[in-house]
Amino acid sequence: MMATSPIYKPITDFDGNDECKSYCVCDLVKIESVIYDDVVLAIRELKSSLTVDIDNIPSFIIKGCAVFLIYPLLVLFNLSLRTKVFPIVWKQTRIIPVLKKGDAQNCKNYRPIAILSPFSKIFESIIHEKLYHQV
């Protein structure tokens with residue numbers, strides 16, 4: 001029989017009364033602000049669609065009017081980050097039932113599709129990109 005050395009060696013000088021440092025996620029991950037290029041890239045990556053979103057604005061309109069929307073969105077996004085308040089209207093979702101297959105009278109044959117605000121999608125895309133690089 002071979003003698004094996006333990007993989008884990010307990011620390012013997014640990015005092016159960018030692019103070020543990022607790023780090024808040026907000027101390028580790030910070031998104032100070034959104035810059036012009038963030039908004040431009042997020043709008044560019046927005047899928048062009050004729051589907052009307054929760055704001056009743058199709059995404060192709062937002063992409064087509066991007067030049068006029070970048071600065072107002074930049075101000076809104078940075079205000080949201082600074083105040084830590086996300087606009088309530090951007091939290092709303094429209095649920096569209098889509099028939100998978102089978103009898104259209106049976107509600108179990110439908111799957112839900114969530115339609116979000118395009119501005120919410122743009123902001124989410126920016127935050128995702130910034131968090132992804134930090135984490």
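Analyst: Below we go through the layout, a few residues and a pocket.

Analyst: This is a predicted model, so local features need pLDDT of at least 70, side-chain atom pairs count only at pLDDT 80 or more, and totals for chains, interfaces and linings use all residues. Residues are numbered from 1 along each chain as its sequence is written, and side-chain values use heavy atoms, with hydrogens and water left out.

User: How many helices and strands does the protein have?

Analyst: There are five helices and two strands. From the N terminus on, the order is α-α-α-α-β-β-α. Helices (H or I, at least four residues) and strands (E, at least two) are DSSP runs, numbered from the N terminus.

User: What share of the residues counts as buried?

Analyst: The figure is 24% of the 135 residues. Buried means under 20% relative accessible area, exposed over 50%, and partly exposed in between (1.4 Å probe, protein chains only).

User: And the surface of the protein, how much is there?

Analyst: The accessible surface is about 10,800 Å², and 61% of that belongs to carbon and sulfur atoms. The areas come from the Shrake-Rupley method with a 1.4 Å probe; for residues, only the protein chains shown count as cover.

User: Let's take H2. Which of its residues are buried?

Analyst: H2 covers residues 36-45, and its buried residues are Asp 38, Val 39, Val 40, Ala 42 and Ile 43. They pack against helix H3 (59-64), helix H4 (66-83) and helix H5 (118-134). Contact here means heavy atoms within 4.5 Å.

User: Why does Val 40 count as buried?

Analyst: Because its relative accessibility is 18%. The C-alpha atoms of Val 40 and Ile 70 are separated by 6.8 Å, with the two residues 30 apart along the chain.

User: Asp 38 is on that buried list too. Which residue forms a salt bridge with Asp 38?

Analyst: Lys 130 does, with the closest N and O atoms 3.0 Å apart. The pair links distant parts of the chain, since Lys 130 is in helix H5 and Asp 38 in helix H2, 92 residues apart. A salt bridge is a side-chain nitrogen of Lys or Arg within 4 Å of a carboxyl oxygen of Asp or Glu. Side chains of opposite charge can pair when their charged atoms come close.

User: How many salt bridges in the whole structure?

Analyst: The search finds one.

User: How exposed is Lys 130?

Analyst: Lys 130 has a relative accessible area of 21%, so it counts as partly exposed.

User: Among contacts between residues at least 6 apart in sequence, what share joins residues at least 24 apart?

Analyst: For the protein, that share is 60%.

User: New topic: the strands. What is Ala 114 in contact with?

Analyst: Ala 114 sits in strand E2 (residues 110-115). Leaving aside neighbours within four places in sequence, Ala 114 is in contact with Thr 93, Arg 94 and Ile 95.

User: Where does Lys 84 lie?

Analyst: In the loop between H4 and strand E1 (94-99). Lys 84 has a positive phi of about 60 degrees although it is not a glycine. Its relative accessibility is 74%, so Lys 84 counts as exposed.

User: Last one. How much space lies in the second largest pocket?

Analyst: About 230 Å³. A pocket is an open set of points on a 1 Å grid over the protein atoms alone, where a 1.4 Å probe fits, with protein on both sides within 12 Å along at least five of seven lines; lining residues have an atom within 4 Å of a point. Grid points are joined across faces, edges and corners, and the volume is the space filled by probe spheres set on the points.

User: Which residues lie nearest its centre?

Analyst: Of the 11 lining residues of the second largest pocket, Glu 45, Leu 46, Lys 47, Ser 59 and Lys 121 lie nearest its centre. H5 gives the most to this lining, with three residues.
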